Amino acid sequence: MLKSARKKEKDPEGRMPLAEHLRELRNRLLKSVLAICVVTAVAMFFYMDIAKFLMQPVLDAVGCGGVSLSDLSGSGSKGHDCAYFTVNGLLSPFTIMLKVSFTTGLVVATPVWLYQLWAFLAPGLHRNEKKYGLFFVGLGVPLFVGGAYFAYMILPTSAKVLIGFTPEGANNLLPLDDFLDLLARMVVVFGLAFELPLLLILLNFTGVLSGHRMLGWWRAMIMGITVFGAIATPSTDPIGMFALAGPVVVLYFGAVGVALINDRRKARRRAADPDFGLSDDEASQLDLTPEAVAAPSAAPELTDGDDSGTTRRNGYDDVT
């Protein structure tokens, strides 16, 4: 079995051969998958409670309450305004349990796989950039969980709007496995979208991207975030699109503000100390101002022992 690349002697500059990079990537992925699998296995024991937690907001918004399926077809029925969750097939309950447990494992294990991602990227960074690791994990976890919770909260509103388009005389039956697929995709999409400001701040703190450049992209970023919200949101309603694009745009401008403040701080530090912000492989500035050099003292005159008696200086005659 291949050993971890970290067990060997580390290169002071974080360099590794390609085989060791692949081995390190494999180890990080295995640790992340193992953490998700462990949480998924634990979530299976609480499957019923978790499923009820996921379904309850939608049931409160569009559920038919105590109305039975036979009552929905009667006269004066309000079946077009509500919906029932259904389970189709003999194996569906088992697959639903797996989906609920896996979604829980993915969200709860967020600190582990975010840390593994940072640990894989950290060796390629300079020493003054690695200190942002705790900042990345500490802020990345609440952002991802916040995005997931935001998706969980807006889904009932989206369901209510979509159910409202049901024609008169038609009933709504929502397959539970399709609903869980939709919920899982929205959780992942919203969680990753909320990580965008953190990525921009890290690029700014490491000197890759300036705050003024980020601010200059605001039109393109708003358009790109809106288009991404329209494509990435599984539901086709505009509510879900703007619910995703709105908070991400606000977080983007918040990241721009943090980047501008950080740029000003760096400018003040650099004005006070020219060597501030230099990486490990950069040389400090040299003072190339010419200085006056004292003339060397005259060498003593030496006389060769030849017959001509010519006076020589440093082995040469006067003409030379």
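How closely do the axes of helix H1 (residues 18–44) and helix H4 (residues 92–108) come, and at what angle do they cross? The legends below begin with the whole chain and then answer this.

**Figure 1. Overview of the protein chain.** This is a predicted model, in which local features need pLDDT of at least 70 and side-chain atom pairs count only at pLDDT 80 or more, while totals for chains, interfaces and linings use all residues. Residues are numbered from 1 along each chain as its sequence is written, and side-chain values use heavy atoms, with hydrogens and water left out. The protein chain has 11 helices and 5 strands, where helices (H or I, at least four residues) and strands (E, at least two) are DSSP runs numbered from the N terminus. Of its 320 residues, 35% count as buried; buried means under 20% relative accessible area, exposed over 50%, and partly exposed in between (1.4 Å probe, protein chains only). Among the contacts with a separation of 6 or more, 71% come from residues 24 or more positions apart, contact meaning heavy atoms within 4.5 Å.

**Figure 2. The crossing of H1 and H4.** The axes of these two helices come within 8 Å and cross at roughly 130 degrees; axes are lines fitted to C-alpha atoms, for helices over the stretch in contact, and angles run from 0 to 180 degrees between N-to-C directions. H1 and H4 are therefore oblique to each other, since angles under 35 degrees count as roughly parallel, over 145 as roughly antiparallel, 65 to 115 as roughly perpendicular and the rest as oblique. The crossing of H1 and H4 is right-handed; a crossing is left-handed if the near helix is turned anticlockwise from the far one by less than a right angle, and right-handed if clockwise. On the H1 side, Ile36, Val39, Thr40, Ala43 and Met44 take part, and they meet Leu98, Ser101, Phe102, Thr104, Gly105, Leu106 and Val108 in H4.

**Figure 3. Threonine 40 in H1.** Threonine 40 has its place in helix H1, and with a relative accessible area of 11% this residue is buried. When residues up to four places away in sequence are not counted, threonine 40 touches Ser101, Phe102 and Gly105.

**Figure 4. Helix H2 and its kink.** Helix H2 (residues 47–62) has 16 residues and reaches 23 Å from its first C-alpha to its last, close to the 22 Å expected at 1.5 Å a residue; the expected span is 1.5 Å times one less than the number of residues. At methionine 55, shortly before proline 57, H2 has a kink of about 40 degrees, the bend at a residue being the angle between axes fitted to the seven residues ending there and the seven starting there. The buried residues of H2 include Tyr47, Ile50, Ala51 and Leu54, as well as Met55 and Pro57.

**Figure 5. H2 against H4.** The axes of H2 and H4 come within 10 Å and cross at roughly 80 degrees, and the two helices are therefore roughly perpendicular to each other. In this contact, Tyr47, Ile50, Ala51 and Leu54 of H2 face Pro93, Ile96, Met97, Val100 and Thr104 of H4. The 17 residues of H4 should span 24 Å at 1.5 Å a residue, and its end C-alpha atoms are 24 Å apart, which agrees. Among the buried residues of H4 are Ile96, Met97, Val100 and Thr104.

**Figure 6. H4 beside H7.** H4 and helix H7 (residues 176–193) pack at an angle of about 10 degrees, with their axes 10 Å apart. That makes H4 roughly parallel to H7. Ile96, Lys99, Val100, Thr103, Leu106 and Val107 of H4 make the contact with Leu176, Asp177, Leu180, Asp181, Ala184, Val187 and Val188 of H7, and H4 passes H7 in a left-handed crossing. Alanine 184 has its place in H7 and, at 23% relative accessibility, counts as partly exposed. The C-alpha atoms of alanine 184 and threonine 104 are separated by 9.3 Å, although these residues are 80 residues apart along the chain.

**Figure 7. Alanine 245 in H11.** Alanine 245 lies in helix H11 (residues 238–272) and is buried, with a relative accessible area of 5%. Leaving aside residues up to four places away in sequence, alanine 245 touches Ile225 and Thr226. Its C-alpha atom is separated by 8.9 Å from that of alanine 193, a residue 52 residues apart along the chain.
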